[in-house]
Structures are given as structure tokens and as C-alpha cells.
Amino acid sequence: MRTASGQTVDSGDALLRRMVARRRRDNAVIVVLAVLAVLGGGHAIVSMFSSNTTTTTDDASVSAVGRAQLAGSFAEQFVVTYLTSSAGQQDQVGQFVSVDQQMALPSTGRQVVNPQVVYLSRSVSNGTLDVWSVTVSVQVSKNSAAAPNIRQYYRVAVSVSGGRLRALSLPAVVSPPSRGSDLALGYSAPCGADSPLAQVASGFLAALLTGSGDITRYTTAEAGIVALQPPPFGDIGSVSVSSDDTNCGAGNGSALILATITPKADGTAVASLAYPLTMVRTEGQWQVRSIDSVPLLKNPLATVVGVGNHGGTASTSSSTLPSSVSAPAVPIPSATQK
């Protein structure tokens with residue numbers, strides 16, 4: 001069918017078919033985005049619209065994440081199956097590791113609960129073959145019913161090739177992952193309760209957590225922060241504030257603060273909470289621009305050896321770490337597995 005201007009107008013059936021086809025195409029795109037989000041997070045989705053070079057790199061990262069998840073899940077199942085198996089169940093264990101291993105199973109398997117993957121690292125990467133070192137923690141029941149469960153850590157080497165997984169050897173009991181270093185925070189100035197920064201922080205957190213007051217009074221227009229519903233607490237209790245601004249808001253500009261509160265639920269104090277905040281002075285008053293995901297760190301980075309306050313005044317007993325981020329040798333090492 002044609003109009004007077006010469007343009008084609010679809011019939012009702014043709015238009016319906018086009019709408020159905022478009023809906024199917026849109027649904028397929030949504031499925032792809034959902035899979036990418038599960039495997040690689042939002043960055044994997046963004047990479048779809050980047051250059052070919054970036055896409056290739058991100059595809060490798062997504063593949064590594066997927067293999068890591070496979071290795072971790074496989075190791076967890078293997079450890080649980082192995083510890084709970086008893087004599088005569090070698091075939092059950094053989095689903096995970098070669099039965100040619102010098103394996104002896106007890107007359108009665110152990111009872112284990114709450115398995116968790118606590119450490120995972122890639123030891124070998126050779127084309128489509130990866131070898132992952134996985135540490136799994138489990139709670140093992142003692143023979144006595146009155147004895148509490150003990151948590152043990154088992155390390156397993158797992159090969160991943162083309163989606164196929166295999167343990168290289170029997171599990172080994174190891175120490176838990178080492179404890180990391182405490183990093184010195186960069187809040188150098190404690191602020192009194194009557195300081196501008198502390199007053200705004202107190203009002204903001206009360207509105208955020210208890211529903212007391214108008215939260216928009218304490219936030220910038222672009223902050224996008226809304227009060228939690230339902231309010232988790234009835235009172236925020238005492239508020240302690242430290243800041244990188246030595247004047248605690250007496251001047252202008254911006255400030256980073258750490259506000260620590262001891263809230264109350266049903267009239268009873270609960271565990272303290274800490275909120276890193278970015279604040280700016282707008283039209284003569286201080287407002288919260290964001291709740292930061294990471295507190296302010298000292299620059300250059302330093303580890304705390306002694307006991308210090310939020311501002312990290314233990315810097316005299318801290319070991320300074322390299323601040324460069326360009327060289328691969330300088331990042332702070334992650335916790336090592338003994």
C-alpha cells in the first residue's frame with residue numbers, strides 16, 4: 001500500500017511481524033548482556049561497545065573469571081566429597097581425581113558443613129589450559145557431640161581445559177590465608193561535635209539511617225542519595241568525625257571525612273559503623289556529595305605497625321610503600337597462601 005507521497009505503509013499483519021521480530025532481537029540482546037554481567041560485571045558490557053583491541057582483552061578477562069569460578073566450584077565439591085567418602089567409595093572420588101593416587105579412605109567419612117572457597121590463584125596458563133590453586137575451608141565435626149566444629153583449610157590444584165576440570169592430586173591441609181596489612185588512613189584532623197563538618201555529618205547520617213529530618217537538606221543536588229527505607233535504626237548514637245581538612249569546615253572548598261557512629265536499634269546500641277564521605281561547601285553551607293566506597297588513604301601509601309587513630313598518626317611507626325602505580329613491581333602484595 002502506498003500513500004500519496006509515495007511512502008510505503010505496512011499492512012497490519014506486516015507491522016505485527018516486524019514488531020515480533022524486533023522483540024525477539026531485543027530479548028536476545030538482553031540475554032547476552034545478562035550473561036556478560038554474571039561472568040565479567042559491568043565492565044564486560046561496556047567492552048562490547050569499545051574498540052576491537054579492548055574487546056579482545058576483555059574477552060580474555062571474562063574467560064579467566066569464568067575459569068576461576070569453575071575451578072573454585074569444582075574444588076569445593078571435591079573437598080566435600082573426599083572428606084565425606086568412606087572405604088569402597090573410590091569411584092565417587094574418582095569423579096574428581098585419578099584413582100591411581102595413593103588414596104586410603106576411612107571406614108567412616110567425616111561430617112563437614114559450610115564449605116567456602118577462601119583463596120584462588122592461577123598457577124599455570126598455557127593456551128586453553130589453566131591450573132588453579134584453590135583453598136577451600138570447611139567446618140569439620142568432631143567425634144564428640146559436645147565438641148564444637150573446627151574449621152580446616154584444604155588446598156587443591158585444579159586443571160581447567162575447554163570447560164573440563166580435574167584435580168591433579170589429593171587435597172592438602174594448609175594454613176588459612178595470611179592476614180593482610182593495615183593501611184594508614186589519610187584523615188589527619190579530629191573534628192569536634194560543634195564543627196561544621198561534624199554537624200552536617202551528624203544530620204546527614206540521622207536522616208539517612210533513622211528517617212529523622214530531610215536528607216536533601218544535607219546533600220548536593222547531584223548526590224542522588226535517599227534515606228534508607230525502612231529506617232534500620234532509631235538513633236545514630238554518638239558521632240566521631242575526622243577529616244583531611246585541618247580546619248574541620250571553617251573555610252571553603254571540599255573535605256573528605258570519616259564519620260563513625262554507634263547506632264541504636266530498639267533502644268539498644270549495636271556495632272559501630274564508619275562512613276567515608278566527600279563534602280563540599282555550596283552557597284555558604286556544607287553538603288554531602290557522596291558516600292565513598294573506599295576511605296581516604298595516606299599518600300604515599302603506608303602500612304600501620306603500631307596502634308593509631310583514624311588519621312593514621314602511627315605513621316612514625318609505619319613502613320612507607322611505593323606510590324607509583326605504573327610499574328608492576330610496586331603494588332601492595334595481596335595476602336599470600338602458606
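The legends below describe close-up views of a predicted model.

**View 1. The open sheet of 5 strands.**
The strands follow the order E6-E7-E8-E11-E12 and pair in antiparallel fashion. Strand E6 (189-191) and E12 stand at the edges with a single partner strand each, so one side of each has no neighbour in the sheet. From one strand to the next, the twist averages 35°.

**View 2. The pairing of E7 with E8.**
Strand E7 (residues 239-243) and strand E8 (residues 254-261) run antiparallel and are joined by 5 bridges. Ser243 stands opposite Ile257 in E8. Among the elements of the chain, E8 has the highest mean pLDDT, 98.

**View 3. Helix H5 on the sheet.**
Helix H5 (residues 196-210) lies across E7, E8, strand E11 (273-282) and E12. The helix runs at about 120° to E11.

**View 4. The salt bridges around Asp130.**
The model has 2 salt bridges, and Arg67, Arg122 and Asp130 are linked through them in a network. Between Asp130 and Arg67 the closest N and O atoms are 2.9 Å apart. This pair links distant parts of the chain, with Asp130 in strand E2 (residues 129-140) and Arg67 in helix H3 (residues 52-84), 63 residues apart. Between Arg122 and Asp130 the closest N and O atoms are 3.4 Å apart. Asp130 has a relative accessible area of 0% and is therefore buried. Arg67, at 19%, is also buried, because the cut-off for that class is under 20%. Arg122 counts as partly exposed, with 41% relative accessibility.

**View 5. The loop around Pro300.**
Pro300 is found in the loop between strand E12 (285-291) and strand E13 (302-303). Its relative accessible area is 38%, so Pro300 is partly exposed. Ala184 is 116 residues away from Pro300 in sequence, yet the two C-alpha atoms are 9.8 Å apart in space.

The chain averages a pLDDT of 79, and 70% of the residues score at least 70. Helix H2 (residues 42-47) has the lowest mean pLDDT among the elements of the chain, 40. Over residues 29-58 the pLDDT is below 50, and this stretch has 18 contacts in the model beyond near neighbours in sequence. Over residues 322-338 the pLDDT also stays under 50, and here the model has 23 contacts beyond four places in sequence. Where pLDDT is low, predicted coordinates should not be read in detail.

Key:
Residues numbered from 1 in each chain as written. Predicted model: local features only at pLDDT ≥ 70, side-chain atom pairs only at ≥ 80, totals over all residues. Heavy atoms only, no water. Helix = DSSP H or I, 4+ residues; strand = E, 2+ residues; numbered from the N terminus. Buried < 20%, exposed > 50% of the residue type's maximum accessible area, 1.4 Å probe, protein only. Pairing = 2+ DSSP bridges. Axes fitted to C-alpha atoms, helices over the stretch in contact; angles between N-to-C directions. Contact = heavy atoms within 4.5 Å. pLDDT = per-residue confidence, 0-100. Salt bridge = Lys/Arg side-chain N within 4 Å of Asp/Glu carboxyl O.
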